[in-house]
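Me: I have a protein model open and would like to go through it. Can we start with the inside and work outwards?

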Amino acid sequence: MLTKKLGYSVVALLLAVALVLSGCTKDKSPKDALQASLSTNSELSSYSFKGSMKFEEFNLNLAEMTEEDTTTMNMFKNAEVSWSGAYQKDPMLSEVELKLELKGDLAINFQIPIIATDKKLWVKVPNIAMLPIPEEMVGKYLELDLEQLAEQTGQEIPTLDPKQSQKFVEDLMNIVFKHLNADEYLSSVKAKDAGIPSDVDAKQVVQIHVKKAQIEPFLTTVVEKIAPEVLDLIANNKDYLDMTGMTKEDIDAAKEGLKSADSTTIKEGVAEMNKVVKNLDIVANVGIDKKDYPVYTDASVKAAFDSEGNTGSFAIKVVSQLGDVNEKVEFKYGQPKAEEIVSFEEAFGELGGLLGGASIDDL
């Protein structure tokens, strides 16, 4: 009898362990996973990042296509913008290195480092062969003093409260998911199927997919249900009004605008769009790690159009990846030294001849 009870106890214990383990490893629903990842943004105190944007396809067939049009198209077709950098919250320091690469006959390749604190911004002057930038300027950092700018313009330096902005995002997403059927737009996919790199530690991948046929019902829901509630949300919260820079008069004007955009107007607008846009497909993947941080995102937009004999198609992809989340990050540049800095006034003095004698006051 004792042995039998012990056996039942062991089985019960194993079942309990199995249930706990299954509960720990089971993925959240796509909607819950996405909302959980958004809520972790305010917890980010440091991270490194990298990303890119490029055209995977770019074709134009215009009725009157000039040589200049062809050159412009080839520039877009072979263009890639990439970036990398790091951020820390305290003390606030952020840097990003932008890179532009154009291939083909007009091959261009240069990078622009940008560094920022809560009070100053520095942009490093690149060496671009096609621009006659004075040699003594190349490699210097243009400094923008945000406090000085605020005094000159009579406006305060814009500040961003991460917790407040995160609360706004959460409230906003609650309204969106309240009116949209998440199952129509969201799904869980395997990392390999989504094309996520193997070095990304994604526990779950949420895919957002919007097709051409979904545009009309989506816009109708936004105009009739989501947008009015979002405007009320902002109007009834002073912090949100300050954060967005909107006034109650702006809110009222926006509401009046929504009233004129009824379902009939939307149908007519979508019908006109459908005459021109022959194909539209938007796919985004969000890779979420075990701590609910969105460590990887990509978005692809594919479209084709035909308007009075002018046809074309394009596909653009944007990728972004986070690393070293809430860990010590390495800064490639750091804050520039005094001898490396040149003020905007000095820079415009050097570049005045190139700008036809213009000064910074003319801008």
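Reply: In the largest nonpolar core, which has 19 residues, I226, I234 and I251 touch the most other members. A nonpolar core here is a set of buried Ala, Val, Leu, Ile, Met, Phe, Trp, Tyr and Cys residues joined through side-chain atoms within 4.5 Å. Buried means under 20% relative accessible area, exposed means over 50%, and partly exposed is in between (1.4 Å probe, protein chains only).

Me: Which elements each supply at least two residues of this core?

Reply: They are α5 (162–179), α8 (215–235), α9 (238–244) and β9 (277–288). The most comes from α8, with seven residues. Helices (H or I, at least four residues) and strands (E, at least two) are DSSP runs, numbered from the N terminus.

Me: Before I go on, where do the numbers come from?

Reply: This is a predicted model, where local features need pLDDT of at least 70 and side-chain atom pairs count only at pLDDT 80 or more, while totals for chains, interfaces and linings use all residues. Residues are numbered from 1 along each chain as its sequence is written, and side-chain values use heavy atoms, with hydrogens and water left out.

Me: OK, back to I251. What does I251 touch?

Reply: Leaving out residues up to four places away in sequence, I251 touches L231, I234, A235, L241 and M246. Contact means heavy atoms within 4.5 Å.

Me: And what does the second core include?

Reply: That core is separate, has 15 residues, and includes F49, V200, V205 and Y296.

Me: Why would such residues be buried together?

Reply: In soluble globular proteins, nonpolar side chains tend to be buried together.

Me: Tell me about α8. Where does α8 bend?

Reply: At V222, by about 45°. The bend at a residue is the angle between axes fitted to the seven residues ending there and the seven starting there. Buried residues of α8 include I215, V223, I226 and I234.

Me: How does α8 pack with α11?

Reply: The angle between α8 and α11 (residues 263–276) is about 145°, and their axes are 10 Å apart. Axes are lines fitted to C-alpha atoms, for helices over the stretch in contact, and angles run from 0 to 180 degrees between N-to-C directions. On the α8 side the contact is made by I215, E216, L219, T220, V223 and E224, and on the α11 side by S263, I266, K267, V270 and M273.

Me: Now the whole protein. How many helices and strands?

Reply: There are twelve helices and twelve strands. Of the 363 residues, 31% are buried.

Me: Last topic, the backbone. What joins D90 and P91?

Reply: A cis peptide bond, with omega about -10°. P91 is in the loop between β2 (79–88) and β3 (93–102).

Me: What about phi of E308?

Reply: Phi of E308 is near 50°, which is positive, and E308 is not a glycine. Most residues other than glycine have a negative phi, and most peptide bonds are trans. E308 is in the loop between β10 (294–307) and β11 (310–323). With a relative accessible area of 78%, E308 is exposed.
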